[in-house]
Each structure stands twice: as structure tokens, then as C-alpha cells.
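Please keep the sequence and the structure open while reading.

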Amino acid sequence: MSSRGQLLPGVIGHSPAMREVDRVTRKVAVSNASVLILGETGTGKELIASAVHRLSHRSGGPFVKVNCGALSESLLESELFGHVRGAFTGAVANRAGRFEAADGGSIFLDEINSTTLTLQVKLLRVLQEKEFERVGDTSSHRTDARIIAASNRDLMRQVQLEEFREDLYWRLNVVPIELPALRHRREDIPALVAFFLDHYNEVNDRYVSHLGPGVMRALQDYHWPGNVRELQNYVERAVVMSDTDELVLDALPLCVRDPHHSAPVRELTSAAGGLQAPPVSNGMNEVRPADVAPGAPAGANAALDINRMDLKTLARIVVQRGLDEADDAEDLHSVVVDQVERELISQLLLRCGGVQTKTASRLGMNRNTLSKKMKDYGLNLDD
């Protein structure tokens with residue numbers, strides 16, 4: 001923290017985790033080192049990238065932001081490096097890219113984990129030699145732009161899967177800044193809620209000034225898979241929909257206000273009074289049927305119980321079973337996450353009629369990333 005005890009501009013909260021983020025960010029900002037910001041979606045990676053730039057000696061220069069996951073490989077290459085006239089259909093004039101625009105300042109490459117191996121080679125050259133070629137050009141251009149990259153995926157895991165170049169990883173990962181998930185800094189939730197209340201009251205000309213009974217407890221008990229961005233969304237919604245100056249519990253989504261709605265199955269059974277029915281024979285030992293007639297087939301019990309569960313509960317059961325069945329030496333990501341992702345892509349492809357562009361859009365990834373994942377998982381339109 002600064003000498004006055006204030007965190008970075010725009011950063012809310014004083015939890016130990018955020019104090020550490022503040023310390024590392026301030027230290028690395030005044031250097032020339034490349035920065036890699038790691039964290040789940042919604043944790044504030046762009047905010048920290050902006051702070052690195054503002055606290056650096058480059059703060060008087062441009063701060064250029066690029067979402068690498070929003071563009072296809074060819075469009076992203078042109079966006080980053082520019083192109084010359086005639087380089088491709090529609091290239092009617094020379095165009096400078098983002099690296100040229102960021103000369104003397106900083107460039108923020110968000111979702112760098114979405115880039116292809118081919119493009120990563122060119123990014124590595126910029127990092128090492130500070131030069132590049134525009135698309136369709138043979139002459140080199142130089143840039144003095146500091147690279148700040150961010151990823152919501154485990155890049156070392158992607159290196160092991162040969163989805164990310166190891167040499168680029170080590171060039172980017174000079175000083176990593178790891179942002180904690182909101183569920184790991186729950187003590188910051190009251191300050192975040194107060195900040196968002198003030199902001200959205202002003203934006204919407206509302207006067208929601210205090211919280212009703214049980215609201216803060218519900219917010220602090222929720223596990224926040226969408227992190228700060230999810231909290232921001234719920235507070236904005238509550239302010240907009242409120243008819244009084246009080247944010248009441250009913251203004252929050254069911255998943256937040258009902259602690260059992262998204263709780264693990266063990267918590268559901270405990271809350272129901274310690275149900276004594278034996279577990280169904282589906283391998284999920286935490287599932288115990290409650291409302292099924294005695295003597296009904298175990299398979300029917302399981303189907304009824306699962307149909308009553310929300311998605312978060314089912315996800316926890318899947319992860320629990322994966323942890324229980326995996327060997328100590330086994331790759332847990334492959335055991336759990338890769339299998340779920342493969343099934344998600346497979347089913348969504350069917351729902352989208354095999355249209356990969358639509359499928360990729362629904363998944364929030366570009367088509368190149370989807371195509372690569374389909375190849376890795378051995379998927380085709382007949383699956």
C-alpha cells in the first residue's frame with residue numbers, strides 16, 4: 001500500500017490478499033519488466049493492468065487494450081501489427097496496428113491464452129527484439145511498448161498441453177500478479193457493496209442507502225463464481241428494481257438469498273434433518289433420496305433427486321466424484337474439467353445444428369479456439 005494506507009486507484013477492499021496485490025503491483029509498475037496478470041473472470045485484471053500503466057514512468061504515453069479472445073487469428077494479427085494495402089481482401093490502405101499505437105506506453109493483451117501458436121511466435125519476437133512486420137509487409141517496424149498480459153486460464157497447464165509456447169510463457173511471466181477470487185476475500189464484500197451502491201444510486205438517480213436484514217450475510221455466504229463482476233451486476237439490478245431506500249433480500253437472485261439452493265448435497269441433506277435413506281447406486285455417495293416412495297428403483301430415486309438439483313450443486317457433485325476417483329498422480333484437470341468441457345461442446349454443437357460460429361459465440365470463445373478444442377477432444381459433427 002501507499003504510505004497513506006490507500007490501495008491502488010479503483011481497487012476496493014483491504015483484505016490481506018488485496019494488500020499483496022497492491023504491493024506487487026506498485027513494485028513492478030516502476031520497472032520495465034513484462035507483467036502477467038492471472039485470475040478468474042471478473043476479478044479485475046484490466047483494472048490492475050491500468051494501475052500498472054498509471055504508476056509507471058510510461059503513464060504519459062498511451063495505454064492500448066486488446067481482447068485477444070474476441071478476434072480470429074487473422075483479424076487479431078492485423079489488429080496487433082497492422083497491415084499494408086493489398087495484404088488481404090478489404091485492405092485498401094496501409095493501417096498501423098496496436099503495437100505502433102502503444103509506442104512509448106503500454107499494451108494490455110487480455111485473454112492471451114486465446115492466441116494461436118502461430119501468433120505467439122510473433123508476440124515472442126516483439127518481446128525479445130521489440131520489432132515486428134505488418135501483415136503483407138517485408139520491412140520491420142520497431143516499438144517501445146511495454147507488454148502487460150492477462151489470462152483467466154492456467155498458462156502452465158496450457159504449456160503442458162502444448163497449447164501455449166513455453167518460451168513465450170517465461171518471457172511474459174517475469175512478474176506474475178495473481179488476483180484472488182472474491183470467495184477468497186469475503187471480508188472485502190461490504191466495501192464493494194457500498195461502492196457499487198453509491199455508484200449506481202448516482203447513475204440511476206436512486207437513493208438505496210442501506211441493506212435489509214440478512215442481505216449482507218447472504219452476500220458473504222455466496223460463493224461468487226463470477227467474482228466482483230457478478231457482485232456488481234447484482235447490486236446494479238437491486239438498485240434499479242428497488243422501490244424504497246432499502247436493498248431487501250428479495251432483490252437478490254435466488255442463488256444468493258437461498259443458502260441451500262447452491263449448497264453441496266451434504267449440506268442439503270443436513271438441512272433436511274439428516275435423512276437416513278441409503279445412497280442411490282449411481283456412484284454419487286452424497287446423494288440421498290428423500291421424497292421417493294419406499295421400494296422404488298434406485299435409478300428412479302437418482303433421477304428424481306438430480307432433477308431437483310440446480311446446476312451448481314450438480315457441478316460440485318461431479319468435482320467431488322472426480323476427486324474421489326482420481327489417483328494421486330493423475331491429472332485432475334483432465335479427469336474433471338476436460339471431460340465436462342468436451343461434453344459441453346459436444347451438446348452445444350448439436351443444439352446449434354453443427355454451426356461452429358454460433359457454438360463459439362455461445363461459449364464466449366473465437367472459432368479458432370473452438371476448432372482446436374474440437375480437434376483435441378476428437379469431436380466431429382457426428383458425435
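Is D205 buried or exposed? D205 is exposed, because its relative accessible area is 55%, where exposed means over 50% relative accessible area, buried under 20% and partly exposed in between, computed with a 1.4 Å probe on protein chains only.

The structure is a predicted model, in which local features need pLDDT of at least 70 and side-chain atom pairs count only at pLDDT 80 or more, while totals for chains, interfaces and linings use all residues. Residues are numbered from 1 along each chain as its sequence is written, and side-chain values use heavy atoms, with hydrogens and water left out.

**The chain as a whole**

The secondary structure comes to 17 helices and 11 strands; helices (H or I, at least four residues) and strands (E, at least two) are DSSP runs numbered from the N terminus. Of the 383 residues in the chain, 42% are buried. Among contacts between residues at least 6 apart in sequence, 67% join residues at least 24 apart, a contact being heavy atoms within 4.5 Å.

**Two residues with positive phi**

Most residues other than glycine have a negative phi. D205, although not a glycine, has a positive phi of about 55°, and D205 is found in the loop between α8 and β10 (210–211). N227, also a residue other than glycine, has a positive phi near 60°; N227 lies in helix α10 (residues 227–241) and counts as buried, because its relative accessibility is 0%.

**R185 and its surroundings**

R185 lies in the loop between β9 (175–178) and α8 (189–204). With a relative accessible area of 4%, R185 is buried. Leaving aside neighbours within four places in sequence, R185 is in contact with I12, S15, M18, P180, L192 and V228.

Helix α14 (residues 311–325) has 15 residues and should span 21 Å at 1.5 Å a residue, which agrees with the 21 Å between its end C-alpha atoms; the expected span is 1.5 Å times one less than the number of residues. In α14, T313, I317, Q320 and G322 are buried. V318 is also found in α14, but V318 is partly exposed, with a relative accessible area of 38%. V318 and V336 are 18 residues apart in sequence and 7.5 Å apart in space, C-alpha to C-alpha.

The axes of helix α16 (residues 356–363) and helix α17 (residues 367–376) come within 9 Å and cross at roughly 100°, the axes being lines fitted to C-alpha atoms, for helices over the stretch in contact, with angles from 0 to 180 degrees between N-to-C directions. The two helices α16 and α17 are therefore roughly perpendicular, a term for angles of 65 to 115 degrees. Q356, T357, T359, A360 and L363 in α16 meet R367, L370, S371 and M374 in α17.

**Cysteines**

A search of the whole structure finds 0 disulfides, a disulfide being a pair of cysteine sulfur atoms within 2.5 Å. Two cysteines are listed here.

| Residue | Relative accessible area | Class |
|---|---|---|
| C68 | 1% | buried |
| C255 | 13% | buried |

Conventions
Parallel < 35°, antiparallel > 145°, perpendicular 65-115°, else oblique.
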